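Hello,

Here is the structure we talked about. Please open it alongside this note; what I found follows below.

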Protein chains: 2
Amino acid sequence: MPELRQDFATKEWVIIATERAKRPEDWVRQEPLEPLPEHDVNCPFCPGNEAKTPPEVFSLREVNSQTNGPGWRVRAIPNKFAALAAPPEESPRLVRSRHGLYLQMPGIGYHEVIIESPRHNKSPATMSVTEVVEIILAYQTRYVELDRDPNVQLITIFRNHGPLAGASLRHPHSQLVATPVVPLHIRHRLYEAQRHYDALGTCVFCDMLDFELQEKERVILANEHFAAFVPYAARVPYEIWIVPREHQASFGQSTIEQAAGLAAVLQAVLSRLYHGLGDPDYNYVINTAPHHSSGEPFYHWHLQILPRLTTPAGFELGSGMHINVSLPEEAAAHLRSAGEPDPKKTAED
Amino acid sequence: MPELRQDFATKEWVIIATERAKRPEDWVRQEPLEPLPEHDVNCPFCPGNEAKTPPEVFSLREVNSQTNGPGWRVRAIPNKFAALAAPPEESPRLVRSRHGLYLQMPGIGYHEVIIESPRHNKSPATMSVTEVVEIILAYQTRYVELDRDPNVQLITIFRNHGPLAGASLRHPHSQLVATPVVPLHIRHRLYEAQRHYDALGTCVFCDMLDFELQEKERVILANEHFAAFVPYAARVPYEIWIVPREHQASFGQSTIEQAAGLAAVLQAVLSRLYHGLGDPDYNYVINTAPHHSSGEPFYHWHLQILPRLTTPAGFELGSGMHINVSLPEEAAAHLRSAGEPDPKKTAED
């Protein structure tokens, strides 16, 4: 019998299609990916090609290396094909205007790329935790910097891994988009969290995290600062949430200690996905409070990993409701047991 | 300068990324699809293989042909791999239960397939209008029948065309999913429409349609009963809405005359997509009022076509906000001019 499950935080119902459910082994990539070289002269993100990108806005570099030259370990740049234009110098309040019935406004904001490694063939799954810490530090630095612009309402940091996840370049990188509006989807989540707080006086995400850590069945791993679990109402096979254990509305409030804790959990979880499912395509995204809600007691930032193992079709696009053909508890058990990397598979790294 | 546009009905902001915008010719499929045979003995939806599917629940057939045998023109069957289980005979009220903090309920509902043609290599774009009328009649008949079940809250009818749209079988077919809950995404749309009605006393979709028909710039075509246009805040390149010109909340209220009118517009629009863009993958979905809102003055059913020309990535999944790299006005102009099919391309049909 299929089952409907409601997400506790968002109130979305998800169909867990047990009749169509696949086993963990069915999700493993059949054809191994072609290995990449460590350096690609044609890649605009590889060291030596810094002039092919807009000038960097942040980097972590070797001593004595030059800005916009090689020697960086992590490097943030404006996206050359930005979806939003950088604000003009004086950064005026953005004015909405009418087109007949409709509202429009200038597409002002930020769209940046965080190049995660000088090595073309790396990804967080195959990096050291120290390398991943530096990626998180880049996220934090850019977040705090851009959050100062009064036009910025929401900052979304995300990673597209593989072509099915919308990645056009293979060189490891994340992106950041700072929008001048709060997207409706985020408003709806804030609203549901606020209702929970107004009724119960607690953060819905804190309550969810406590319950998951107590039930254990869907937990993959946890450390002092973060816990990773497959949500009860996972929308897609192997959806994973990484949640700070301390209440915190905005990613902008996270500390250096938390950066280290997040890096450790993120690297371990992505490594388990890599080894357990054969390096699946995925997106991850940091879901955080908008600028003006950064102090709210009801919201709680978290990182969502969404593997692209299935294709959303007309039903999902039309109803917004998801059909998940994997059991969350089974996915979590698989990822817990995928902790020991297969020595044959890691040889190439 | 990129532009943000707000959808008038849903209130979603969309980024129209003019800097990254592609021209109409950039969207045309480069490698033509391999032609399909008219009949495939291994296809469970081809005539002669009726025993490979669950027994039919509806068909339009030649005189003297046998139920569950060949001779049908359109045939509806329960999905063999249903996402929701058919209700038991007595159809009891569905009871929610708790799993700790969380809510769950049995996955009861309907999941049906409407096989659109006995010919394996057809699609609505290459059918006659008469053939498409029969598909719409099948939609209407199944909708009205399933809407009688007191457990059914929302009926979603959709079509997945091509692998990028999640279609696993090539034989032309649509699907219907009847859910025992109203998905949150639909509730949010109802809520926005209701707010508009409470303020202005009009249906937001009627207002939008009037404005589009007056502005003309985004209209592709219209007949007495329906109009097709690219929405002002189109979420994806070549998104198209087909809207009934008369106010009507539920698809279940549509008449036989409207079925003919919808078929004519739908066939013409899909034919323009087929000829103008080289048969792109797409989903279409009928967005309709839930069962208990079928008489509302504020909602208005419509059919949305969502071509799968781009891949939603981490930003879209995380923020719910779309980046559209095609100008709606340009897409509409292209589809208006794609009215005359290229004789070379139609030879194969």
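Predicted model: local features only at pLDDT ≥ 70, side-chain atom pairs only at ≥ 80, totals over all residues.

Two strands count as paired if DSSP finds at least two bridges between them.

β11(A) has another partner. Strand β10 (residues 219-222) of chain A runs antiparallel to β11(A), joined by three bridges. Here A:A222 has A:A227 as its bridge partner. A hairpin of three residues connects β10(A) to β11(A).

Which residues of strand β11 (residues 226-229) are buried on each side? A:F226 and A:A228 are buried on one side, A:A227 and A:F229 on the other.

Next, a helix. Helix α2 of chain A covers residues 184-200, which is 17 residues. From first C-alpha to last it reaches 24 Å, close to the 24 Å expected at 1.5 Å a residue. A:I186, A:R189, A:A193 and A:H196 are buried in α2(A). They lie on the same side of α2(A), because they cover an arc of only 85 degrees around the axis. The general rule is that an α-helix has 3.6 residues a turn, so residues three or four places apart point the same way. The face turned away from the buried side carries exposed A:D198 and A:A199. After α2(A) comes A:G201, with a positive phi near 75 degrees.

What do the buried residues of α2(A) pack against? In chain A they meet β8 (154-161) and α3 (204-215); from chain B they meet α5 (314-319).

That brings in the second chain. Each side gives 64 residues to the contact: 64 from chain B and 64 from chain A. On the chain B side, 37 are nonpolar, 18 polar and nine charged. Strands pair across the contact too: β1 (residues 3-6) of chain A and β6 (residues 102-106) of chain B are antiparallel over three bridges. A:L4 has B:M105 as its bridge partner in β6(B).

How are the copies related? Chain B superposes on chain A by a rotation of 180 degrees with 0.0 Å of shift along the axis (RMSD 0.0 Å). The two copies are thus related as by a two-fold rotation axis. In chain B, B:H188 comes closest to that axis, at 4.2 Å (C-alpha). The copies meet through the same surface, because 100% of the interface residues of chain B are also interface residues in chain A.

Best wishes

Terms used. Residues numbered from 1 in each chain as written. Chains lettered and ligands numbered in written order. Contact = placed C-beta atoms within 7 Å. Nonpolar A, V, L, I, M, F, W, Y, C, P; charged D, E, K, R; others polar. Helix = DSSP H or I, 4+ residues; strand = E, 2+ residues; numbered from the N terminus. Least-squares fit on C-alpha atoms with pLDDT ≥ 70 in both. Expected span 1.5 Å × (residues − 1). Buried ≥ 20, exposed ≤ 12 C-beta atoms within 10 Å, placed from the backbone. Arc of directions from axis to C-beta.
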